[in-house]
Amino acid sequence: QLQASGGGLVQAGGSLRLSCAASGRTFSSYAMGWFRQAPGKERDVVAAINWSGGSTYYADSVKGRFTISRDNAKNTVYLQMNSLKPEDTAVYYCAGGRHPGVGSTEYSYWGQGTLVTVSS
C-alpha cells in the first residue's frame, strides 16, 4: 500500500516536497515512480527511480527542477519540486513496479494521489 502526501497550493517559483510511504517489507526491491495527471489529460510519468536509488529518470519538462529520491530504511520515496510553474498543476501519484519504466502500465501499485496547485 502506498500513501502519498505533501501536495498543496504554492505560488509559481515555489517549492514542495512530496512523500510516498509504503507499507510492507519489500519496498526496497521495487522501482518507484511519480506520475501526474492534469484535468482532461493523460497520466504521465514525472520521475522514476530504481530499487537502490542509483538510477533515475526525469521527464524533460521537469529536468533540473525536480529530484526523486528514496530512503529504503523508511520505506519512503520523495519528489522534491523546485521552481514550480502553473503547468505543474496536477494530481501527483506515486507508483511501485519491478522496473523504473515510463509507462503507467509498468507499475502494479499506486498511491491515492495528492493535489499540487501552482498559482501564477
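Modeller: A disulfide is a pair of cysteine sulfur atoms within 2.5 Å. This is a predicted model: local features need pLDDT of at least 70, side-chain atom pairs need 80 or more, and totals for chains, interfaces and linings use all residues. Residues are numbered from 1 along each chain as its sequence is written, and side-chain values use heavy atoms, without hydrogens or water.

Colleague: How far apart are the sulfur atoms of C20 and C94?

Modeller: A search of the whole structure finds one disulfide. C20 and C94 form it, with their sulfur atoms separated by 2.1 Å.

Colleague: How many residues apart are C20 and C94?

Modeller: Strands (E, at least two residues) and helices (H or I, at least four) are DSSP runs, numbered from the N terminus. C20 sits in strand β3 (residues 16–22) and C94 in strand β9 (residues 90–97). The pair links distant parts of the chain, and the separation is 74 residues.

Colleague: Is C94 buried or exposed?

Modeller: Buried means under 20% relative accessible area, exposed over 50%, and partly exposed in between (1.4 Å probe, protein chains only). C94 has 0% relative accessibility, so C94 is buried.

Colleague: Why is strand β4 largely enclosed by the rest of the structure?

Modeller: Strand β4 spans residues 31–37. It is largely enclosed because the buried share of its seven residues is six.

Colleague: Which residue in β5 is the bridge partner of W34?

Modeller: Two strands pair if DSSP finds at least two bridges between them. β4 and strand β5 (residues 44–49) run antiparallel, joined by five bridges. In β5, W34 has as its bridge partner A47.
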